[in-house]
Amino acid sequence: MTSCVLNRFTGDLPETSETVCLGEGNTPVVDLPVLARRLGVRSVAAKLETANPTGSYKDRVAALSMSLARSRGYRGWVATSSGNAGMAMAAYGARAGIPGFLCLAGSVPPEKSLPLLAFGAGALQVVRVDGAGRPEVDGAMFDQVREAAARHKLYLGVTLHAFNPDGMRGIDTIAYELAEQLPDATHVYAPVGGGGLLVALARGMADRGLAPRLIACQPTGCAPVVRYLDGQLPAVTVEGSTTGISALQLPRPPDGEAAVEAVAGSQGWGTAIDDEDILAAQRWLASAEGVFVEPAAAATVAAALADADRGRLRADARPLLILTGAGWKDLGRFAPDASRLPTVEVGRVSQHVDDWIDAVGARVAD
């Protein structure tokens with residue numbers, strides 16, 4: 001039988017008459033011993049939201065949103081997305097048998113947009129919004145989507161508390177699981193785009209009596225939450241985004257103020273890191289720990305490394321990283337590497353193995 005996280009935590013979530021499920025949630029927590037040694041801390045763990053059915057934590061939001069849409073009699077759903085939420089809503093909308101309209105916003109890697117074509121064989125309409133990613137365009141897009149939802153009785157599946165507060169409660173289940181898996185975490189690192197993930201983590205942890213410091217991780221090219229926490233901005237907004245990290249490109253995060261309150265209330269902080277450091281952390285995590293995540297998730301690794309360099313993490317710290325999305329969601333940046341793969345003659349394979357052994361200094365037992 002399919003395991004459904006909504007059924008595990010029914011009493012903690014908005015009431016539904018039925019649940020839409022694809023086996024989301026109950027994701028593993030794994031130790032990262034190599035990273036712990038590099039940070040100089042007692043231990044580091046990661047919550048692998050990459051293990052969800054469509055590869056990201058947004059499946060939790062989609063599962064509850066589509067359950068609410070069916071229970072409350074909505075005619076369909078409408079949403080905006082930079083990738084992960086769109087794939088999640090498309091999958092769970094199909095599972096629920098509910099038609100949907102999706103606006104792709106911002107810079108969407110092909111690995112996030114192409115799978116939508118499969119779901120589009122049913123009652124799903126996907127459009128790209130011209131100019132999306134600019135604050136003035138995004139604001140107008142959100143307004144139109146919200147108005148259309150009200151006019152046609154469509155469930156507003158935008159993954160932000162400002163638009164979909166009940167559906168966002170699905171993210172609280174991450175914290176509920178962490179209370180069982182790793183209640184002694186001292187710090188929780190989470191990437192921040194719109195801010196909704198951090199807000200939900202704070203709420204869910206407070207509900208379970210957990211009080212780790214919350215660390216907001218953003219790229220320097222779009223860091224309104226971090227810069228506000230550092231006293232550099234009068235409001236949680238920046239003029240534009242220059243980062244190439246998909247999903248973290250919101251200059252005016254709708255849940256930004258609530259995210260700031262969550263971080264400050266936990267006595268945490270914000271850490272901004274350059275795109276180059278985030279991409280380097282993505283590669284390092286895969287090669288050193290065997291965990292392959294998308295760049296937005298790797299922002300947590302890069303932030304932890306930066307914090308260790310700045311002396312922000314004590315030796316007895318037990319940080320936890322929320323790894324939000326799978327690495328296969330943004331493979332295009334590895335295309336140049338693939339083009340450089342060597343081609344060898346079949347008769348020389350053994351010699352190339354010998355050369356490789358010499359190069360890496362491996363020790364082969366007799």
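Helices (H or I, at least four residues) and strands (E, at least two) are DSSP runs, numbered from the N terminus, and on that basis Ser-43 is found in the loop between helix H2 (33-39) and strand E2 (45-48). This is a predicted model, in which local features need pLDDT of at least 70 and side-chain atom pairs count only at pLDDT 80 or more, while totals for chains, interfaces and linings use all residues. Residues are numbered from 1 along each chain as its sequence is written, and side-chain values use heavy atoms, with hydrogens and water left out.

**Domains and their contact**

- The domain assignment, whose bounds come from an automatic or database source, divides the protein chain into domain 1 (5-53 + 172-324), domain 2 (57-128 + 135-156) and domain 3 (334-365).
- Between the C-alpha centres of domain 1 and domain 2 the distance is 24 Å, and the contact (heavy atoms within 4.5 Å) takes 32 residues from domain 1 and 22 residues from domain 2.
- Domain 1 and domain 2 bury about 2,200 Å² between them, 57% of it on carbon and sulfur atoms, where buried area is the accessible area (1.4 Å probe) that two parts lose on being put together, summed over both.
- Of the area that domain 1 buries against domain 2, Glu-18, Val-20 and Leu-22 supply 25%, more than any other three residues.

- Three salt bridges are counted between domain 1 and domain 2, a salt bridge being a side-chain nitrogen of Lys or Arg within 4 Å of a carboxyl oxygen of Asp or Glu.
- Glu-18 forms a salt bridge with Arg-70, and the closest N and O atoms of this pair are 3.3 Å apart.

**Elsewhere in the chain**

- The structure as a whole holds 18 salt bridges, and one of the salt bridges joins the side chains of Arg-208 and Asp-12 (3.1 Å, N to O).
- That pair links distant parts of the chain, 196 residues apart, with Arg-208 in the loop between helix H10 (196-207) and strand E8 (213-219) and Asp-12 in the loop between H1 and strand E1 (29-31).
- Not counting residues up to four places away in sequence, Ser-43 touches Ala-36, Ala-317, Arg-318 and Pro-319.

**Helix H16**

- Helix H16 (residues 349-360) has 12 residues, which at 1.5 Å a residue should span 16 Å, and its end C-alpha atoms are 17 Å apart, which agrees; the expected span is 1.5 Å times one less than the number of residues.
- Just after H16, Gly-361 takes a positive phi of about 70°.
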